[in-house]
Each structure stands twice: as structure tokens, then as C-alpha cells.
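Subject: Structure for you to look through

Dear colleague,

I am passing on a structure that I would like you to read slowly, with the notes below beside you. Please open it first, and then follow the notes in order.

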Amino acid sequence: MLGPTWEALAPTSMLGLEGPCWVGPGPDGGLAVSEEFGDVQLFGSAHQPLGSLGTLTGHSFGQPAGVCSDSEGSIIVADEQKHQVTLFPRVGPPICLQLEGLERPLGVACAPQGQLVVADAGDNCIKVYQYLGEMASGK
């Protein structure tokens with residue numbers, strides 16, 4: 001028994017995963033699952049496979065770890081091996097977020113007021129970043 005407000009559901013098989021590590025909310029009520037030394041698989045709200053971020057976007061991961069989605073339905077992935085966090089918008093190419101001081105990002109979460117929280121195992125810190133808007137181009 002998990003607690004008075006929780007009820008165990010029948011296990012759901014999501015086939016084709018290779019070393020699932022982290023799971024987080026995906027777009028439209030689905031799930032995003034990172035695979036050790038692999039990719040990030042997306043599943044719909046009925047747990048049906050939607051494809052992988054790598055295949056859908058052409059992005060190459062090192063070691064994807066934590067995953068989350070923001071209020072606009074973009075997927076955010078921490079890549080431990082590449083020492084970066086990447087935003088996968090619903091439309092358009094992936095965007096490597098310019099986050100200072102990352103050593104070994106593992107976990108990510110979206111917090112209220114446009115904040116991104118990153119668990120950094122490299123220096124044993126939780127780092128909070130504030131979204132400041134689009135950078136002005138040099139044109």
C-alpha cells in the first residue's frame with residue numbers, strides 16, 4: 001500500500017526501452033523517458049510510443065538523464081555526458097540552454113515563474129535559473 005490517497009495501477013509495459021533511467025511528464029499528458037547512453041523516448045497519454053527526440057529532431061545525446069516539460073509543452077533534457085541542458089520546443093530545432101556553472105547535470109524540473117531547477121552532481125548543488133526572455137540578436 002502506497003498511502004491513503006494512492007492506488008497502484010496495473011503495470012504498463014512500454015516496450016523497446018534500453019536502460020530507462022529517468023521519467024518525466026511529456027507533452028499532452030504523456031511521458032518522456034531517458035535511456036542510459038541512448039535517447040529520450042516519448043509516449044502519449046495512453047502510453048503509446050510517439051518516437052524518440054533524437055530521431056524526431058536529429059539531436060545526438062551523450063548520456064541523457066533528467067527530463068521535464070515546461071508550461072508550453074517543450075521537453076527539457078539534462079545531458080550528463082555533454083554537461084548541458086537542451087530545450088526541445090514543440091516546433092523548431094533543439095536549443096542548448098546557456099546555463100552557467102553546470103558540471104554534471106542530472107535532474108531537471110520546471111518551477112513556477114519561469115524557473116528551471118537543475119540537480120548538478122558535479123558539485124553537489126541544486127541550481128535555479130530564471131528565464132529572462134529571448135536574447136537580442138546582433139542585427
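A salt bridge, as the word is used here, is a side-chain nitrogen of Lys or Arg within 4 Å of a carboxyl oxygen of Asp or Glu. Please keep in mind that this is a predicted model, in which local features need pLDDT of at least 70 and side-chain atom pairs count only at pLDDT 80 or more, while totals for chains, interfaces and linings use all residues. Residues are numbered from 1 along each chain as its sequence is written, and side-chain values use heavy atoms, with hydrogens and water left out.

Salt bridges

The structure holds four salt bridges. In one of them the side chains of Asp28 and Arg90 meet, at 2.7 Å from N to O. Asp28 sits in the loop between strand 1 (20–25) and strand 2 (31–35), and Arg90 sits in the loop between strand 7 (84–88) and strand 8 (95–96), so this pair ties together parts that are 62 residues apart in sequence. Strands here are DSSP runs of E with at least two residues, helices are runs of H or I with at least four, and both are numbered from the N terminus. Asp28 is exposed, its relative accessible area being 60%, where exposed means over 50%, buried means under 20%, and partly exposed means in between, using a 1.4 Å probe and protein chains only.

Another salt bridge joins the side chains of Arg104 and Glu80, at 2.5 Å from N to O. This pair also links distant parts of the chain, 24 residues apart, since Arg104 is in the loop between strand 8 and strand 9 (105–111) and Glu80 is in the loop between strand 6 and strand 7. Arg104 is partly exposed, with a relative accessible area of 34%, whereas Glu80 counts as buried at 14%.

Asp123 forms a salt bridge with Lys127, and the closest N and O atoms are 2.9 Å apart. Asp120, Asp123 and Lys127 are linked in a network of salt bridges. Lys127 counts as buried at 15% relative accessibility, while Asp123 is partly exposed at 27%. Asp123 is found in the loop between strand 10 (115–120) and strand 11 (125–130), and its C-alpha atom is separated by 8.6 Å from that of Leu102, which is 21 residues away along the chain. If residues up to four places away in sequence are not counted, Asp123 touches Gly101 and Glu103, a contact being heavy atoms within 4.5 Å.

Leaving out residues up to four places away in sequence, Asp79 touches Phe61, Gly62, Gln63, Pro64, Gln84 and Pro105.

Cysteines

A disulfide is a covalent bond between the sulfur atoms of two cysteines. A search of the whole structure finds zero disulfides, the cut-off being a pair of cysteine sulfur atoms within 2.5 Å. Cys110 is in no disulfide, and the nearest cysteine sulfur, that of Cys68, is 3.6 Å away. Cys110 counts as partly exposed at 33% relative accessibility, and Cys125 counts as partly exposed at 33%.

Backbone and annotation

His47 has a positive phi of about 65° although it is not a glycine, and it lies in the loop between strand 3 (40–43) and strand 4 (49–52). Asn124, which is not a glycine either, has a positive phi of about 55°; Asn124 is in the loop between strand 10 and strand 11 and is exposed, at 71% relative accessible area.

Over residues 102–132 the chain is 0% helix and 61% strand, and the end C-alpha atoms are 18 Å apart.
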